[in-house]
Amino acid sequence: MKNNYFWAKNKGIISILSIIFTILVLLLSITPKASAAVDQWASITPSAPNGTVFNTIAIIDTYVYVGTNNGVYRSDDFGVNWANSLTASCGGSACNVTSVAIGWTYDGSAYVVDNNSPIFAGTSNGGIFKSTIGDTAWSQINTGLTDTNISDIEIDQFLATQGITTNIYAATPSGVFRSDDEGLNWSLKDSGMGGEQVIKLSSDFGGALIY
């Protein structure tokens, strides 16, 4: 009777242990699945002549712009197909594109680009060129730009959040140049810099600009 009583008393515990053991066996038998973040990279490098140096990249939506020492390579399908869209001569040689800036705007809920959104390409040997998302032709916009060795271009992101892409900054060895009319005219804005060479610009949503 004692043995029967012990079995009856512990029957529930033994059943629970049996269930737990079964669950563990099932879990161990499941094949692990790959995580979504697998750190796997895939090349979308455009086909370019030997010796091409890829200096910079700008991406928004499905549009990708790559600045090289042989102009700008453009893709409108996220790198599946490419075309060299900036083939202009810069001082008798290919344009060395050091920076690309895309003129997105913000409508209050999302970043917006359309066919009229401006694209700016800064070069070290030809100043600044402008195009749009919907076009593949570029025009040189150097009026007032006394230093055409451009190391970086930045669109004022604070104004971009208000739908304005008119204010652009360009970093050069002579300081920072600014345009208030989407690149049509430029003026040097280096007060307080003491003639420092500017290499990199950054604009945040508060309107700050650092170098």
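Mentor: Strand S13 (residues 152–155) is covered on both faces: Asp152 and Glu154 on one side, and Ile153 and Ile155 on the other, are all buried, that is, under 20% relative accessible area with a 1.4 Å probe, protein chains only. In a regular strand, side chains alternate between the two faces of the sheet. Strands here are DSSP runs of E with at least two residues, and helices are runs of H or I with at least four, each numbered from the N terminus. The model is predicted, with local features requiring pLDDT of at least 70 and side-chain atom pairs pLDDT 80 or more, whereas totals for chains, interfaces and linings use all residues. Residues are numbered from 1 along each chain as its sequence is written, and side-chain values use heavy atoms, without hydrogens and water.

S13 runs antiparallel to strand S14 (residues 168–172), to which 4 bridges join it; pairing requires at least two DSSP bridges. Within this pair, Ile153 stands opposite Ala170 of S14.

Ala170 also belongs to a core of 12 residues, which includes Ile128, Leu145 and Ile150. A nonpolar core is a set of buried Ala, Val, Leu, Ile, Met, Phe, Trp, Tyr and Cys residues joined through side-chain atoms within 4.5 Å.

As for the whole, the protein chain contains 2 helices and 18 strands, and 36% of its 211 residues are buried. Of the contacts (heavy atoms within 4.5 Å) between residues at least 6 apart in sequence, 44% join residues at least 24 apart.

Note on methods: Buried means under 20% relative accessible area, exposed over 50%, partly exposed in between (1.4 Å probe, protein chains only).
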